[in-house]
Amino acid sequence: RPRGVPTTGLQSMACALRRMQRSRRALFTASRLLPSRESRCLCSVASPRAAYDAAVAAGDLVEDAAQLKAIERLDRLHRDMLAWKPPPPPLPPPPPKESEWKGPTVDAYGEPTGGGSFYTGVKNESPGSGKGGLWSRLMSMVGGGGSSNDGEPDLASGVAAPKGIYMHGSSGCGKSILMDRFLAPSILPPEGASEAWVRRVHLHEFLMEVHQRAHKLRQQMPELGDPVPYLAYELSCETQVLVLDEVAVTDIADALMLRKLFRRLFHNGMVVVATSNRAPDDLYLGGLQRPSFLPFIDDVKERCDVHELQSTTDYRTLAAEASPLAELPPDGAGTFMHPLGEATGSSARRLWEALVAGSATAPQTLRLSGRTLDVPE
């Protein structure tokens, strides 16, 4: 049985889930990394404020009053996490019996074509039921039926976890460095936990992974129906603190997946720390069917301490002005270099040399979703 999950809970699972477990399929692989309840508390380490003060004293940072206010929020979360012993995430519901699951055609790289980067199924409906309109079909693509909250749990009935943090502000004000340098290192995973117990990831990268895992889950076990509850359970077993950088939503498929997935992640007790250039109420402004995304905003404001980092300093600009980039001619670091030729090639070379600033470089092959890109140096 998964570590940390009570035997009685597993015995209450539906026969279908037990059959899938006996067949050694991958649904609950991640839960084997869940530490026991007794070891799930955090080790005491330096607080974000102590680490920030040390960085200022060493001359690595200049003290910023606006950043200090944000550090206070990070310190609060650090204290709450030290005092909290999270329970195992709730088991997912048994798969429905009334769903028939269909997938799209895929391209040469195995990616679904049409309907975004993932698919789910649709509930069976009788020909004369009058259901299955355009919006219902679109909603079915992110799991479940046409209702905007069909089968989603109530946050009030979920795990009472410490409040996360949603930090927003203008570019270059220090959001990411506060999160990466002072918060993430202050929250150590307990002994026996997954390596991803505290995970830092860009939102776009996280969504790509979620779409791919959901697609794979449906291919392996189409009888599950909506994969989101089971995917949320997997993620909750792997990760307790999810640190998301650059939260921005522009795609309807991402918007609906965020709403469905994070309702369950919050319900399961996941603590979310996020940075964004936008306040929660400004996410996905003008997006298609935005009212169906609004519950995600409500969930974020309920489960996260929303804080605006109001620093007036753009540290990225200051760093660029003090770097070799400042020595480039006016046309050497423009947004576009056109047309292709010796002149633009020379400009691109000077820009590259300024960016690497003498660091050693080597050829590398980047791989993503079945595609490869060879970088010569």
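Q: How do helix α9 and helix α10 pack, and what makes them roughly parallel or roughly antiparallel?
A: In this predicted model, helix α9 (residues 252-267) and helix α10 (residues 294-303) have axes 9 Å apart and pack at an angle of about 30°. Angles under 35 degrees count as roughly parallel, over 145 as roughly antiparallel, 65 to 115 as roughly perpendicular and the rest as oblique; α9 and α10 are therefore roughly parallel to each other. Axes are lines fitted to C-alpha atoms, for helices over the stretch in contact, and angles run from 0 to 180 degrees between N-to-C directions. Helices are DSSP runs (H or I, at least four residues), numbered from the N terminus.

Q: Is the crossing of α9 and α10 left-handed or right-handed?
A: The crossing is left-handed: the near helix is turned anticlockwise from the far one by less than a right angle, whereas clockwise would be right-handed.

Q: Which residues of α9 and α10 meet?
A: From α9, Leu258, Arg259, Phe262, Arg263 and Phe266 meet Pro295, Phe296, Asp299, Val300 and Arg303 of α10. Contact means heavy atoms within 4.5 Å.

Q: Which residues do ring pairs link into a cluster?
A: The cluster holds Phe206, Phe262, Phe266, Tyr284, Phe293 and Phe296.

Q: How many aromatic pairs does the structure hold, and what makes the pair of Tyr52 and Phe182 stacked or edge-to-face?
A: There are six aromatic pairs. The ring centres of Tyr52 and Phe182 are 5.5 Å apart and the planes stand at 70°, so this pair is edge-to-face. Rings of Phe, Tyr and Trp (its six-membered ring) pair if their centres lie within 6.5 Å; planes under 30 degrees apart count as stacked, over 60 as edge-to-face and the rest as tilted. Tyr52 lies in helix α3 (residues 48-57) and Phe182 in helix α6 (residues 175-183), so the pair ties together parts 130 residues apart in sequence. Tyr284 and Phe293 also form an edge-to-face pair, at 5.4 Å centre to centre and 70° between the planes.

Terms used:
Residues numbered from 1 in each chain as written. Predicted model: local features only at pLDDT ≥ 70, side-chain atom pairs only at ≥ 80, totals over all residues. Heavy atoms only, no water. Helix = DSSP H or I, 4+ residues; strand = E, 2+ residues; numbered from the N terminus.
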